[in-house]
Amino acid sequence: MRQMKLVAFLQAQNCTTLPSSWRHPDARIDTYSPEYYQHIARVLEQGKFDIGFFDDRLAMPDMYAGDHSETVKNGIRCTKLDAVTCLMSMAAVTKHLGLGATYSTTYYEPFHVARLFQTLDLMTKGRAAWNVVTSVNDNEARNMGREAHLEHDTRYDRADEFCEAVLGHWDSWDDDAIVVDKENNLYAHPDKVRKIDFKGKYLSSRGPFTVPRTPQGRPVVIQAGGSTRGKRFAARWGELIFAGYRNIDVGKLEYSAAKKAAEAAGRNPDHMKIASLMYPIAAATKSEAEDKKAAYELLSNDMDQLLLLSEALNFDFSTKGMDEGFTEEELEGLQGMQAMRDRVVSSGVKNPTPRDFMRITRRGLLSDGHTMVGGPKDIADEMEEWFHSPACDGFVVGPTHQPGAFEDFVKFVVPELQKRGVFRKDYSGSTLRDHLGLDRAAIGSWKTNYDTVST
Ligand SMILES: Cc1cc2nc3c(=O)[nH]c(=O)nc-3n(C[C@H](O)[C@H](O)[C@H](O)COP(=O)(O)O)c2cc1C
């Protein structure tokens, strides 16, 4: 039977994607210790998750009023540890759990990213994944020595080159290149190690690469572009796609379109697994879960929302009155996460105000198709409906707070999914590609893809 994929959405910081989560009475406060991440890793492995992945942002969200004081005061993503370093502490206490981190194509060099993730893959015996993002806002640009963030589609053009270089490096050592033949003084076969000599419009990288092949061939590539250009990029490179489908009907259409886009890019669509974002609020019974949800809703305040909107849309929301509408020109100019802007625009509200933005995007966290509230049967029923439609191959599980939301999910929902035969009772392989059903043969066809597809 087709098996569901489960991805844990992790943040190396004080809150989850639910910005107010640090205020939750059960949220742990030892965020800056290895024990915190190791505990989460153990919970996820006990729940047989495919992978835990950290998102990233290269700046504190201080776009609002051009200052960080509200951000720090309200604890809105005001800290962000380096994700790969946190993953290594999690790797030390797990054997199977896949480990993913987000790294930007806009602010690092391909050689650096290729080396970092290939090393992570070796050190975890084939459990690593790279979430490829192009970054979102000007604050990230300023931290990384630039004046302004690159224009949206140009970021993706550059990211195409970035991936060509990274994957080229990853593929530049043959599996059997290293022999360590001490008697005959042959460390590795010179003809099995190549230079990529990549020269693009935006980037170049020569090689030879300095990290050999890994047990799963190379790290898994994750992508989550939501715009038209982003989806085209995902179709070309993504092996694991994160989507935030608004509801199951949208999910069905988008899922099928994404698989077709992968096919059109010359890939086997089955080598691209799509996980849709969901926030479970799980308990022993539906009414207990409803009570939990009501309690979460009290945690968030308006300032949380305004800080986050400013960050995501690369626009200072303090410059607008709460009931002052955005003109069409202003909406057009929002350059951050376009999918979020489009969601507000497509809601039908003409000249949406900051209050409209807050209402429409807040719904995304706890009150619309992303949130599944209930006892084991309620949540498993809903997940199965999405999975079998199909509107996804699995889920990115976003926690309302950490580590409690994962503990609840593993305690209440995972056994129910296992009982129904749609989710593994145990890991059957050791690498992340094994868990995701992305066999190494898929790498061969992908190499052909990046050699031949032009942007
Ligand atoms: C589950 C999920 C996780 C994401 N994680 C990140 C992240 O860590 N950093 C980031 O900049 N964007 C993240 N994104 C956003 C997208 O990857 C993408 O950068 C954003 O949507 C902007 O591109 P777009 O205009 O093509 O949508 C995430 C999206 C989803 C659905």
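Author: What follows goes from helices to strands, then to single residues and the ligand. Keep in mind that this is a predicted model.

Reader: Let's begin with helices. Which residues of H8 are buried?

Author: The general idea comes first: an α-helix has 3.6 residues a turn, so residues three or four places apart point the same way. In H8, the buried ones are Gly251, Glu254, Tyr255, Ala258, Lys259 and Ala262. Looking down the axis of H8, you find these buried residues within an arc of 135°, so they line one face of the helix.

Reader: And what is on the other side of H8?

Author: There you have Asp249, Leu253, Ala257, Lys260 and Ala264, which are exposed. The covered face of H8 has H7, S10, strand S11 (273-282) and helix H14 (376-388) among the elements over its buried residues.

Reader: What span does H8 have from its first C-alpha to its last?

Author: The 17 residues of H8 reach 24 Å, close to the 24 Å expected at 1.5 Å a residue. Just past the end of H8, look at Gly266: its phi is positive, about 85°.

Reader: How many residues of H7 are buried?

Author: In H7 (residues 228-237), 7 of the 10 residues are buried, and the helix is mostly covered. Those are Gly230, Lys231, Phe233, Ala234, Ala235, Arg236 and Trp237. Their packing partners are S4, helix H6 (152-170), strand S9 (220-223), S10 and H8.

Reader: Now strands. Which way do the residues of S11 point?

Author: In a regular strand the side chains alternate between the two faces of the sheet. In S11, Lys273, Ala275, Leu277, Tyr279 and Ile281 point one way, while Ile274, Ser276, Met278, Pro280 and Ala282 point the other way. With 10 of its 10 residues buried, S11 is largely enclosed by the rest of the structure.

Reader: In what sense do S10 and S11 pair, parallel or antiparallel?

Author: S10 and S11 pair in the parallel sense, over 4 bridges.

Reader: What about S2, where do its residues point?

Author: From S2 (residues 51-54), Ile51 and Phe53 go one way and Gly52 and Phe54 the other, and all are buried. S2 pairs with strand S1 (residues 5-10) in the parallel sense over 4 bridges, and Gly52 is the bridge partner of Ala8.

Reader: Last one, the ligand. Which residues come nearest?

Author: Of the 23 residues around the ligand, the nearest are Asp55, Ala224, Gly226, Ser227 and Gly230. Gly230 is also one of the buried residues of H7. By class, the shell has 10 nonpolar, 10 polar and 3 charged residues.

Reader: Which elements each supply at least two residues of that shell?

Author: Strand S4 (128-133), strand S10 (240-243) and helix H12 (338-345) do.

How values were computed:
Residues are numbered from 1 along each chain as its sequence is written. This is a predicted model: local features need pLDDT of at least 70, side-chain atom pairs count only at pLDDT 80 or more; totals for chains, interfaces and linings use all residues. A residue is near a molecule or strand if its C-beta atom, placed from the backbone, lies within 6 Å of it. Ala, Val, Leu, Ile, Met, Phe, Trp, Tyr, Cys and Pro count as nonpolar, Asp, Glu, Lys and Arg as charged, and the others, Gly among them, as polar. A residue is buried if 20 or more other C-beta atoms lie within 10 Å of its own, exposed if 12 or fewer, and partly exposed in between; C-beta atoms are placed from the backbone. Two residues are in contact if their C-beta atoms, placed from the backbone, lie within 7 Å. The expected span of a helix is 1.5 Å times one less than its number of residues. The arc is that of the directions from the helix axis to the C-beta atoms. Two strands pair if DSSP finds at least two bridges between them.
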